[in-house]
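Welcome! Have the sequence and the 3D view ready, and let us take a short tour together.

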Amino acid sequence: MSDVTNILSQIECGDPSAAEQLLPLVYDELRKLAAAKLAQEKPGQTLQATALVHDAYLRLVDVDKAQHWDSRGHFFAAAAEAMRRILVDTARRKRRPKHGGGRKRVDLESACTFTEDPGEDLLALDEALTKFAALDSLKAELVKLRFFAGMTIPEAADVLRISHATAERYWSYARVWLYCELSGDHAEGETSKNSGPS
Amino acid sequence: MAIEESRVEALYFAALEKPSPEDCAAYLDEVCANDPSLRQRVEALLNARPKLGNFLERHAADMVAATSASSTHQCAGTQIGPYKLLQQIGEGGMGTVFMAEQTHPVQRKVALKLIKAGMDSRQIIARFEAERQALAMMDHVNIARVLDAGTTDQGRPYFVMELVHGVPITKYCDDNRLTPRQRLELFVPVCQAIQHAHQKGIIHRDIKPSNVMVTLYDGKPVPKVIDFGVAKATEQKLTERTLFTQYGTLVGTLEYMSPEQAEMSALGVDTRSDIYSLGVLLYELLTGSTPLGSKRMKEAAHAEILRLIKEEEPPKPSTRLSDWGEALASISAQRHTEPAKLSKLMRGELDWIAMKTLEKDRNHRYETANGLAADVQRYLHDEPVQACPPSALYRFRKFARRNRTGLLAASVMGAALLVATSTIGWTIRDRSAQQAEMERERAAARQQVEQERLVRQAKLKERISQALDETQVGYERDNLPEALSAIKRAEALLASESGASLQMRQRVDQWRGELTVLERLEELGFGFSRDESREIDAAYSQVFLDIGINVDELPVEEAGKRIRSRLTWERLTESLDRWAGIRQEMMFLMNVSAEAKAEAGRRKMRLLQVARAVDSDDLRSQARLAVE
């Protein structure tokens, strides 16, 4: 049984510490896949997040063993978080170009560039999302699955075990919330939050 | 905290379900009575909703694209084909512009536009090639020549143009504090350049200040239109063109886009789209802002912008100027004119010219760029302009456009309803104008009948021009049946109404005639036996004779010229090649005399010569030379 399959089965059996071990494994695999993809592809190709995540799943999880229990949800949640970190890291490094950086990171860095707004926006969004997660973790999770891991609403709904209609509703709310946050319209809300409700 | 958040959410969704904005406001009044900050938050969310556009709908990963190690910043010194990049001179939505040095076959400096990674190079180059011939034929002092296009080793497409040392026309005018009159004088040659291109069959599609550069020749400002052929070649779907950013803002080039371009129908663009963009440019030169206002365009969501372009009537230039308020001082200073005079100057003819150019319905715009230029010149020479003031008729037309269905019904139901519609028309009119127009009501009713006829006619014209566009597309795709069916449709439409212009009629006839010729040639086909070659040769001769081209008798140059003058010259030339193949076969016929064979050989050569005369630059012609 592969490491990841093993961990998934532990999570399934209710071992909470197992989830923490899952993320780094998925993260490493996705980084490797992303770098390889970017290196092979013609310039201008975008990263297909969905494809990457599915590739990683097939490579890391022993599907035969895992099919008996609900491994996909845990895996995809970890993958979404991993994708978020990879993309946000890339954006951050892009913002400070030619910064020494680790040896291993160079592969992805040199292969990546932002087509439009350089990273700034992605970073701002990530900050907003972190804030949102503190208020409403489920919706923030949905944003991660959808925006960072490239899932469709029904796919993400399945991972989160909510109905598609609820997912649509959450998604629409998350979008307006984040939009407001990014355009600074939440300033009022901020003050009331800081003054704290009694 | 979380509790408060869930309350915000609940109120947000509850408010969304209210049937009207008033109900919504009333609801919020009630539930947030003693909590203004709560209300503010819910309202902020509600207000954000229509602005979302495609916010977050594009995946984060799509924002990260792979590019080769040669990022644009390190490009100077790089060799691309025969061009050596010297320095970056500009950056746009579509790519980066470099000054480059060409070393071969001539040494000169050029502008090289390197298209951003992420577009389909093969298609871009194919589309460029399709237009290359026409582009090469453009020769106008106000047009920067397009020299070349290709792909880098990394697969990125690039365009090479005449290098223009200049600044965007709007910036030049502002920096040099040109008066409105001087601005108009500079604008006229821009129209003429566009007219020249239109006559060569090239639509620019992306006229905007940064594509109209002003450069100094002997101390005199000369506008140069750049980027011809680029917009068409890099044609993107509108959805891709509106660059996504996290805040839902859009890149500015939409401001110059015509309503029919905003429609997103691929067939809808014609020369009149360029006229509209010229109008936006004119408006900006005069007033310092685009008709729909760049600030507003930047704030609105994608779909909203498209709606504005398609529907919103912009204020007249004079109105826009008087709306500027305090900013008018600096706008006027840039125009070397006193604030009070500036808006007065616009009122009347300049207003009319600008508004005619910006008509949503392209049938009401100037028909040609020259028409626009001529009207501007008339204004400059103090002659009466052709654009008309917004008369009762004009206003009725606006009304008619908003109420098309009503008017169609009116045409059936007659005068009674006409009076009714005119009454509705009244209610929307300016109060002060009402009194004066009372007496003219009767006349207006008659005009309405006429107007309605015009509306119908305009609609028909539009459908015909669409069918013509489809014909062209069919032809270009080498899909003869498609082209024929489109042209037949155009014919049927023409027959149903007498109002179409002579020009349109001629164009339909021309296409119809030429396509029929192609159909006949097609029937002669490829598959034939050597024995039939003589009959087929005769049939080819006949087809060409019927269009007044006696290939064997006319001087080669003349025959080539006649073929080149036809819309379908490319296919005709191809058929010459096929025909030459048939004559080749005739050289190997049994039981004919040696002289006859030699004659067939000579005649074959002649076909190839004619084909070469049509277009000697063409690759095929090089091949023909080899065959000869």
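What follows is a walk through some strands, helices and single residues of this predicted model.

**A sheet and a helix in chain B**

Let us begin with strands. In chain B, three strands build an open sheet in the order 8-9-10, and their pairing is antiparallel. Strand 8 (167–168) and strand 10 (220–225) of chain B are at the edges with a single partner strand each, so one side of each has no neighbour in the sheet. Two bridges link strand 8 of chain B to strand 9 (residues 212–217) of chain B. If you look for B:Pro168, you will find that its bridge partner in strand 9 of chain B is B:Met213. Across strand 9 and strand 10 of chain B lies helix 6 (residues 180–199) of chain B, which runs at about 30 degrees to strand 10 of chain B.

**A hairpin**

Another antiparallel pair is made by strand 6 (residues 146–151) and strand 7 (residues 157–162) of chain B, joined by five bridges. B:Val146 has B:Met161 as its bridge partner in strand 7 of chain B. Strand 6 and strand 7 of chain B form a hairpin with five residues between them, and B:Gly155 in the turn shows a positive phi of about 90 degrees.

**Two helices side by side**

How do helix 16 and helix 17 of chain B run relative to each other? Helix 16 (residues 349–357) and helix 17 (residues 369–380) of chain B pack at an angle of about 175 degrees, their axes 10 Å apart. An angle over 145 degrees counts as roughly antiparallel, and therefore these two helices of chain B are roughly antiparallel to each other. Helix 16 of chain B brings B:Glu349, B:Leu350, B:Ile353 and B:Thr357 to the contact, while helix 17 of chain B brings B:Leu372, B:Asp375, B:Val376 and B:Tyr379. By class, that contact has five nonpolar, one polar and two charged residues.

Most residues other than glycine have a negative phi. With that in mind, look at A:Arg161, where phi is positive, near 55 degrees, and at B:Arg205, where phi is positive too, near 75 degrees. A:Arg161 is in the loop between helix 9 (153–160) and helix 10 (164–183) of chain A; B:Arg205 is in the loop between helix 6 and strand 9 of chain B.

| Residue | Relative accessibility | Class |
|---|---|---|
| A:Arg161 | 57% | exposed |
| B:Arg205 | 17% | buried |
| B:Cys173 | 0% | buried |
| B:Cys191 | 0% | buried |

Finally, a search of the whole structure finds zero disulfides over all chains.

Definitions and conventions:
Residues are numbered from 1 along each chain as its sequence is written. Chains are lettered from A and ligands numbered from 1 in the order in which they are written. This is a predicted model: local features need pLDDT of at least 70, side-chain atom pairs count only at pLDDT 80 or more; totals for chains, interfaces and linings use all residues. Side-chain values use heavy atoms; hydrogens and water are left out. Two strands pair if DSSP finds at least two bridges between them. Helices (H or I, at least four residues) and strands (E, at least two) are DSSP runs, numbered from the N terminus. Contact means heavy atoms within 4.5 Å. Axes are lines fitted to C-alpha atoms, for helices over the stretch in contact, and angles run from 0 to 180 degrees between N-to-C directions. Angles under 35 degrees count as roughly parallel, over 145 as roughly antiparallel, 65 to 115 as roughly perpendicular and the rest as oblique. Ala, Val, Leu, Ile, Met, Phe, Trp, Tyr, Cys and Pro count as nonpolar, Asp, Glu, Lys and Arg as charged, and the others, Gly among them, as polar. A disulfide is a pair of cysteine sulfur atoms within 2.5 Å. Buried means under 20% relative accessible area, exposed over 50%, partly exposed in between (1.4 Å probe, protein chains only).
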